[in-house]
Amino acid sequence: MQKENPEKITKQMQRENENFKRNVHNYERALGNGNVLEKAGIPNTPENNEIIAKEVCKAGRKVSENNTIIQTELCINGNKVILESRWKIDRDKRPYMTTIIVKGVK
């Protein structure tokens, strides 16, 4: 296969490539999070997803300029995981979540 001439790669093509890489990363992260939840005995149901969403929203209340990684222990039907939510502060000083990582409890 012949390599592309770097002069032919436009900024738009570079942005599309970065977006593609980010989407693949996010998809793989979601699969990993789902696997950790499943192994912990927390099935993917609308009810469990709502519980997780509420916990993440609560975590957002703890975010500050100096505290942007929040770990929350979540227990559903006696099964535990750690939700690690990572946040950024926007221009209006409001937090928004950039990622969530589900970790098993040993």
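**Surface, fold and main pocket of the predicted model**

The accessible surface of the protein chain comes to about 8,500 Å². Carbon and sulfur atoms account for 50% of that area. The structure is a predicted model. Of the 106 residues in the chain, 24% count as buried.

The overall dimensions were examined next. Along its principal axes, the C-alpha trace spans about 55 × 35 × 25 Å. The radius of gyration of the protein chain is 18 Å. A compact globule of 106 residues would have a value near 13 Å.

The protein chain contains 2 helices and 3 strands. Read from the N terminus, the order of elements is α-α-β-β-β. Helix H1 covers residues 11-39, and helix H2 covers 46-60. Strand E3 runs over 95-104. Contacts were also sorted by sequence separation. Among those between residues at least 6 apart in sequence, 38% join residues at least 24 apart.

The largest pocket has a volume of about 330 Å³. Its lining is made up of 19 residues. Ala30, Asn33, Gly34, Leu37 and Val102 lie nearest the pocket centre. Three elements, H1, H2 and E3, each supply at least two lining residues. The largest share comes from H1, with 7 residues. By class, the lining of this pocket holds 10 nonpolar residues, 7 polar residues and 2 charged residues.

Note on methods: Residues numbered from 1 in each chain as written. Predicted model: local features only at pLDDT ≥ 70, side-chain atom pairs only at ≥ 80, totals over all residues. Heavy atoms only, no water. 1 Å grid on protein atoms, 1.4 Å probe; cavity = no way out; pocket = protein on both sides within 12 Å on 5 of 7 lines; lining within 4 Å. Points joined across faces, edges and corners; volume = space filled by probe spheres on them. Helix = DSSP H or I, 4+ residues; strand = E, 2+ residues; numbered from the N terminus. Nonpolar A, V, L, I, M, F, W, Y, C, P; charged D, E, K, R; others polar. Rg over C-alpha atoms; globule rule 2.2 N^0.38 Å. Buried < 20%, exposed > 50% of the residue type's maximum accessible area, 1.4 Å probe, protein only. Contact = heavy atoms within 4.5 Å. Areas by Shrake-Rupley, 256 points an atom, 1.4 Å probe, with all protein chains shown as cover.
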